[in-house]
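Please open the model in your viewer and keep the selection tool at hand.

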Amino acid sequence: MKRVSRRFLLLPLLLAACSPALTPDPPPLVLITAAANASPTPTPFQPAPVGEAPTSVYFFQVPTLESTFPTATPSPTSFPSPTAAEAGLFFPTIVTPPETLLETPTPLPSLAENETVNFLLIGSDKRSGISFRTDSMVIAVVWPKEGQASLVSIPRDLWVYIPTVGMQRINTAYEYGDLQGYAGGGAALLRDTIAYNLGIRIDHTAMVDFDGFRRIVDTLGGIDVPVACPYTDWRLIDPSYDPYNENNWALYTVSAGVVHMDGDLALWYARSRQKSNDFDRGRRQQEVLRALFSQALRTNTLGRIPQLYRDLSAAVVTDLGLADLLRLVPYAPRLTNATIRSYYIRPPYVLDWTTPGGAYVLLPQDALAQLLSEATRLSALAVQRQEIAIEVQNGTPFDGWDALAASRLNYAGYSASIGTAERRDYAHSVLIDLTPAQDPQARSALLSLLGLPSAETLSLPQADSHVHYRLILGYDYQPCFQPQDLSH
């Protein structure tokens, strides 16, 4: 594939959709816990073992390397060699879905508005000379003038109709486009596939591989990620170590809190999935995207666009140039984490299905159309909530809980700031209502969102207050939450 030279896009700075090459699952070795302020020293990166063999036969599905692994705790020493995978030494099998899935589906009507600019952010496991798949995809639907955006995570196993190919996983579309000489290449076929099956027009694409993602994060000086729920998964003890040696792996944990991540740690957090699944991985990728966006604004990245364009253009394959970027810059400050809505294509919008050839895929359900329709419309509720300012104070000894609660409010569309509590030993959380209206239903909705239905409430109307509510967190606050469960 020909690389588009000197192309860099502001939104790709937010790329966290990094492909999850299969991580070995060795026997338990060492448990390493990262403190909330931990920042591992960057070390040379080595790609993890090959996850899936490239598909190279038209209308056929090639068995993946992953499917050849034993189901019981595989050892890195038992992996098929990368040389065999790269050589394509696999026998293709014909995919024969049920009759209704063999038929060409009706394309979805266009959902995206003309006022939006829609970006497809892609993470790949591309290596020199090896065919690759786009195993991580996030659509960013942006309303520049209104300062709103939606992020839609697409699972790699979504079973879709690929024009000129037929029914296949969506993560093979880019590869087919390159291999078959599709007009515009892999990016064009993936764009057309998304438009056909999801009804979302893609205006621009941006793709980054492992090394490119690490470079972007490290160039920004690392990122502070609000980790609401502790996460544990297998990780190479050092990225330079041989991934095929089981002694080089250990369980690694990031604890709840604001975790400073360099490029290597952010890459691991965004792509690991051995102890979770692709849906949870999509959640973590959007956490990283939001952290990248916040870091870009804090470090005056907008004022350094020309320099970053020169420094990082080789790290991102995109169809936007510097002039296109500069035209978007004036709109960027209007976006905040409170104006970005998050959506995830997950159950019940998709259901598991195994093809007769043994491939695991996700079948779109009727409810998916409603989710996509919501994601591609301006939200009146979001506009209403953005006008509500909430100050969060940490009344507990647990550092970072205020930032986690503020992040939780942002996901639901509320503006949130952080203040200082007078003490750090509150047994119960307290919500202080400073609004003139003193609406009990509004208070109840906030407390329900925060998982604090029994918190104390105080009524202190102040017409001149710069915030509408002040929340003091107590020991009863539980920071772990699922963004997909929050209404927009």
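**Before starting**

This is a predicted model, in which local features need pLDDT of at least 70 and side-chain atom pairs count only at pLDDT 80 or more, while totals for chains, interfaces and linings use all residues. Residues are numbered from 1 along each chain as its sequence is written, and side-chain values use heavy atoms, with hydrogens and water left out. Helices (H or I, at least four residues) and strands (E, at least two) are DSSP runs, numbered from the N terminus.

**Stop 1: a six-stranded sheet**

Select S14, S9, S4, S5, S6 and S15, which in this order form an open sheet with mixed pairing. Two strands pair if DSSP finds at least two bridges between them. Strands of a sheet pair through backbone hydrogen bonds, either parallel or antiparallel. At the edges are S14 (316–318) and S15 (340–344), each pairing on one side only. Next, select S5 (residues 136–143) and S6 (residues 148–154): seven bridges join them in the antiparallel sense. Within this pair, alanine 140 has leucine 151 of S6 as its bridge partner.

**Stop 2: two helices in contact**

Select H6 (residues 210–219) and H7 (residues 263–271), which pack at an angle of about 125° with their axes 8 Å apart. Axes are lines fitted to C-alpha atoms, for helices over the stretch in contact, and angles run from 0 to 180 degrees between N-to-C directions. H6 and H7 are therefore oblique to each other; angles under 35 degrees count as roughly parallel, over 145 as roughly antiparallel, 65 to 115 as roughly perpendicular and the rest as oblique.

Which residues of H6 meet H7? Show Phe210, Phe213, Arg214, Val217 and Asp218 in H6; they meet Gly263, Asp264, Ala266, Leu267 and Arg271 in H7, where contact means heavy atoms within 4.5 Å.

**Stop 3**

Select the open sheet of five strands, whose order is S19-S18-S22-S20-S21 and whose pairing is mixed. S19 (415–419) and S21 (456–459) stand at the edges with a single partner strand each, so one side of each has no neighbour in the sheet. Now select S18 (residues 389–394) and S22 (residues 469–473), which pair in the parallel sense over five bridges. Here glutamate 391 has arginine 470 in S22 as its bridge partner.
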